[in-house]
There are 2 protein chains.
Amino acid sequence: MTELAMNALMEQTGKAAREASRILCAAPTASKNKALKILAGLIREKEASIALANSMDVSAARSAGLAPAFIDRLAVTPKIIETMALGCEQIAELPDPVGSIEDVRPQASGIMVGRMRVPLGVLGIIYEARPNVTIDAAALAIKSGNAAILRGGSEAIRTTAALGLLVARSLKEAGLPERAIQVAPTADRAFVGELIRARKYVDVIIPRGGKGLIARLEQESQIPMIHHLDGICHTYVDASADIGMAVSVADNAKTQRYAPCNATETLLVHISAAAEFLPRIGAIYAEKGVEMRCDGRALALLSGAGFKALRAQPEDWDTEYNAPIISIAVVDSLSEAIEFINTHGSHHTDAIITRDLQAQSRFLREVDSGSVMVNCSTRLADGFVYGLGAEIGISTGKLHARGPVGLEGLTSLKYIVLGHGEGRH
Amino acid sequence: MTELAMNALMEQTGKAAREASRILCAAPTASKNKALKILAGLIREKEASIALANSMDVSAARSAGLAPAFIDRLAVTPKIIETMALGCEQIAELPDPVGSIEDVRPQASGIMVGRMRVPLGVLGIIYEARPNVTIDAAALAIKSGNAAILRGGSEAIRTTAALGLLVARSLKEAGLPERAIQVAPTADRAFVGELIRARKYVDVIIPRGGKGLIARLEQESQIPMIHHLDGICHTYVDASADIGMAVSVADNAKTQRYAPCNATETLLVHISAAAEFLPRIGAIYAEKGVEMRCDGRALALLSGAGFKALRAQPEDWDTEYNAPIISIAVVDSLSEAIEFINTHGSHHTDAIITRDLQAQSRFLREVDSGSVMVNCSTRLADGFVYGLGAEIGISTGKLHARGPVGLEGLTSLKYIVLGHGEGRH
């Protein structure tokens with residue numbers, strides 16, 4: 001497709017999204033919930049046609065020689081169908097964030113000033129070849145009153161298109177604009193380039209997926225983004241930690257699952273807890289096959305206790321492994337731990353294990369991350385666990401929404417002013 | 001200066017800002033207030049040396065043939081000295097937004113989840129040759145716990161440097177890091193280019209000033225921005241408006257001052273109010289020398305009543321005049337007015353004059369602007385008028401902060417999680 005044609009396609013898609021967003025922003029809660037419930041029904045009813053479209057995507061991916069893990073994420077199983085349908089029903093049950101009014105207060109001039117929660121407008125959501133994201137993203141956008149342009153991985157194009165048709169039909173049947181949620185009209189990668197420059201039509205870009213993609217978008221997007229780049233999470237075992245709790249939490253934070261972004265990648269241990277704590281956690285990691293990459297003091301303690309451990313290289317402290325590997329360092333103070341986390345972390349999720357009130361208070365205040373935790377596993381950083389009901393992703397940015405982003409993160413507050421003819425004098 | 005040297009300078013400045021921000025984010029309220037009060041005292045005490053530095057800037061600007069209006073903004077009068085000092089004292093009196101904790105609630109897993117308000121980190125503030133902005137921005141940054149790099153217009157370099165020294169001294173005397181607020185170390189324009197790309201060191205860019213600058217930054221900044229591009233504000237006179245109120249508000253909104261971004265640029269009038277309203281407001285505008293650029297129906301009514309009016313060109317509906325000019329259109333419905341505002345406005349501030357409850361409710365909900373007003377003048381969109389105590393600017397963005405941005409807008413919420421050894425299962 002020529003650049004000109006691509007641009008025209010973006011114009012068309014963007015204009016339709018903007019128009020639909022104007023209607024969706026004021027749509028009654030009941031209509032939005034109705035669309036979500038119809039969508040859940042359609043997903044179950046049309047399982048066979050979704051599966052057919054998906055089987056074509058899967059065969060094409062197999063012919064192209066894509067990795068089994070990739071195909072795993074691409075494949076839509078009956079369980080995924082049910083999860084998607086259930087997700088829509090759950091989002092329908094959540095309170096509507098849009099239109100709520102807060103803090104209306106009289107001011108000296110006579111006016112009343114308050115704030116109203118409103119949708120962001122049009123979301124541009126860019127994700128990998130994972131069909132379920134199409135439905136998650138569509139449902140969250142509908143409930144939060146946002147229009148959306150969904151650009152999933154090209155390998156899932158047939159499945160995404162099939163799901164997009166169901167979303168459009170459910171919007172229409174609920175009396176809402178069917179173009180409120182649009183699947184990108186082309187699998188051409190150049191469309192992403194158009195989307196991240198369409199400032200007139202798109203209010204926020206939400207990328208989900210590969211670090212490479214997100215790093216590129218961070219350089220190139222002309223539209224604000226809600227995203228996370230890295231998940232370099234820390235667990236810090238304080239001098240005063242309950243060692244039994246520290247062992248159980250550090251185990252869970254690293255080994256419950258290795259791939260998620262909220263798994264701990266670096267373990268910091270206060271010098272006065274190290275001799276007791278490190279051999280105990282070392283035994284667990286060794287047994288589970290977790291490779292330990294250590295600074296000098298941690299290495300001495302672990303090797304001394306008979307565990308195999310490696311010396312960490314400088315880049316280890318800045319690495320997200322997403323694998324059975326952990327870096328371990330001993331620190332001399334709480335201040336050093338906080339400084340270490342703020343320097344090497346990715347502002348995602350960091351935890352302290354402590355019994356000391358002052359240590360808790362300093363850690364909570366001074367660690368500059370979306371989620372800061374006391375005495376629990378970093379793996380708990382999640383929209384569902386936090387009670388948000390659903391999440392579009394986890395933000396490591398510092399403006400707007402930090403940490404898990406649910407419906408509220410897809411809205412913002414505008415000022416509303418109620419007067420009686422007041423002017424400025 | 002070579003690009004390499006400029007880059008090294010940014011590295012140095014950025015690193016110092018980041019380090020200072022780590023301390024300032026946890027600084028006690030009392031220390032921050034102490035710094036602000038010392039600063040107020042120093043500004044008054046050092047009036048003579050500020051005036052001396054400023055007189056050199058002013059002479060240089062005169063020699064360079066800069067416009068009188070430019071020199072007006074550059075010149076520091078005794079009144080401006082006192083306003084700067086008073087501003088610091090007022091900001092010291094405002095409640096500290098940092099560290100407040102909200103919504104701590106138990107979740108099913110046993111953890112408690114809440115949110116803490118924290119500084120954004122390091123602000124990059126870019127502004128014109130207006131010395132008072134140096135002090136306003138420094139005071140807001142200090143109180144909100146943010147470090148800042150201030151880059152004022154190069155024509156004010158001596159004044160800005162003199163004020164920067166006072167800020168550094170007040171921070172030091174209050175026991176805070178003196179490099180928390182840094183004046184850009186060079187007047188070279190290339191430093192702005194470095195600043196807007198220093199993602200590692202700068203968390204948000206806040207530009208104040210020329211539309212050209214802001215449009216350029218919107219294209220080039222790799223760091224999120226809080227800013228406003230245009231102030232195309234509307235006043236809509238609804239069918240049910242109290243015509244006397246509509247006349248008085250439309251007068252104030254346009255003529256109280258022409259230059260500010262919150263002055264009304266376009267007047268929309270419902271067809272059934274037009275015949276009564278337009279001749280009355282036309283008489284006032286004509287008397288005050290406000291040029292009226294009208295659509296066909298408004299032109300007929302105003303000319304018919306004997307006022308001089310022009311036919312608007314299409315670009316008039318998208319123009320911020322900042323001058324005694326107003327564009328006027330007649331609409332057939334509230335829906336048309338809302339659609340017009342959302343299409344031609346700049347998401348800044350828009351007002352309806354109405355007695356109708358449903359019209360109020362739809363206008364508040366559907367007009368997509370930072371401030372949406374009922375029965376008052378758009379000129380009231382202002383941080384002080386809204387009770388924020390101070391403002392760093394007005395945002396027309398839709399993420400993070402909309403409308404006037406005060407101390408709260410310079411902070412965000414992070415999640416805090418309090419556990420008892422919980423893990424993910």
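Where does B:Ala312 lie? Select it to begin: B:Ala312 sits in the loop between strand S10 (310-311) and strand S11 (325-331) of chain B. Helices (H or I, at least four residues) and strands (E, at least two) are DSSP runs, numbered from the N terminus.

Before going on, a word about what is on your screen. This is a predicted model, in which local features need pLDDT of at least 70 and side-chain atom pairs count only at pLDDT 80 or more, while totals for chains, interfaces and linings use all residues. Residues are numbered from 1 along each chain as its sequence is written, chains are lettered from A and ligands numbered from 1 in the order in which they are written, and side-chain values use heavy atoms, with hydrogens and water left out.

**Stop 1: the loop**

Stay with B:Ala312, which is buried at a relative accessible area of 13%. Here buried means under 20% relative accessible area, exposed over 50%, and partly exposed in between (1.4 Å probe, protein chains only). Show its surroundings: leaving aside neighbours within four places in sequence, B:Ala312 is in contact with B:Arg293, B:Cys294 and B:Trp317. Contact means heavy atoms within 4.5 Å.

**Stop 2: helix H14 of chain B**

Now select residues 357-366 of chain B, helix H14, whose buried residues are B:Ala359, B:Phe363, B:Leu364 and B:Glu366. Their cover includes strand S2 (112-119) and S16 of chain A, along with strand S7 (233-237), helix H13 (334-344), strand S12 (349-353) and S13 of chain B. At the N-terminal end, look for the cap: a side-chain oxygen of B:Asp356 lies 3.0 Å from the backbone nitrogen of B:Gln358.

**Stop 3: B:Ser371**

Move on to B:Ser371, in strand S13 of chain B. With 1% relative accessibility, B:Ser371 counts as buried. Its side chain makes a polar contact with the side chain of B:Tyr386 at 2.8 Å. A polar contact is a pair of N or O atoms within 3.5 Å; within protein, one must be able to donate a hydrogen and the other to accept it, and residues adjacent in sequence count only if both atoms are side-chain atoms. Not counting residues up to four places away in sequence, B:Ser371 touches several others, including A:Tyr415, B:His348 and B:Pro404.

**Stop 4: strands across the chains**

Two strands pair if DSSP finds at least two bridges between them. Here A:Val417 stands opposite B:Met373. Strand S13 (residues 371-376) of chain A also pairs with S16(B) in the parallel sense over 5 bridges, and A:Cys376 stands opposite B:Glu422. Within chain B, strand S2 (residues 112-119) runs antiparallel to S16(B), with 8 bridges. S16(B) is largely enclosed by the rest of the structure, because 10 of its 12 residues are buried.

**Stop 5: the whole interface**

Finally, show both chains: 76 residues of chain B are in contact with 76 residues of chain A. The count of salt bridges between them is 8, each a side-chain nitrogen of Lys or Arg within 4 Å of a carboxyl oxygen of Asp or Glu. One to display joins B:Lys398 and A:Asp203, with the closest N and O atoms 3.4 Å apart. Strand S16 (residues 411-422) of chain B gives the most to the side of chain B that touches chain A, with 11 residues.
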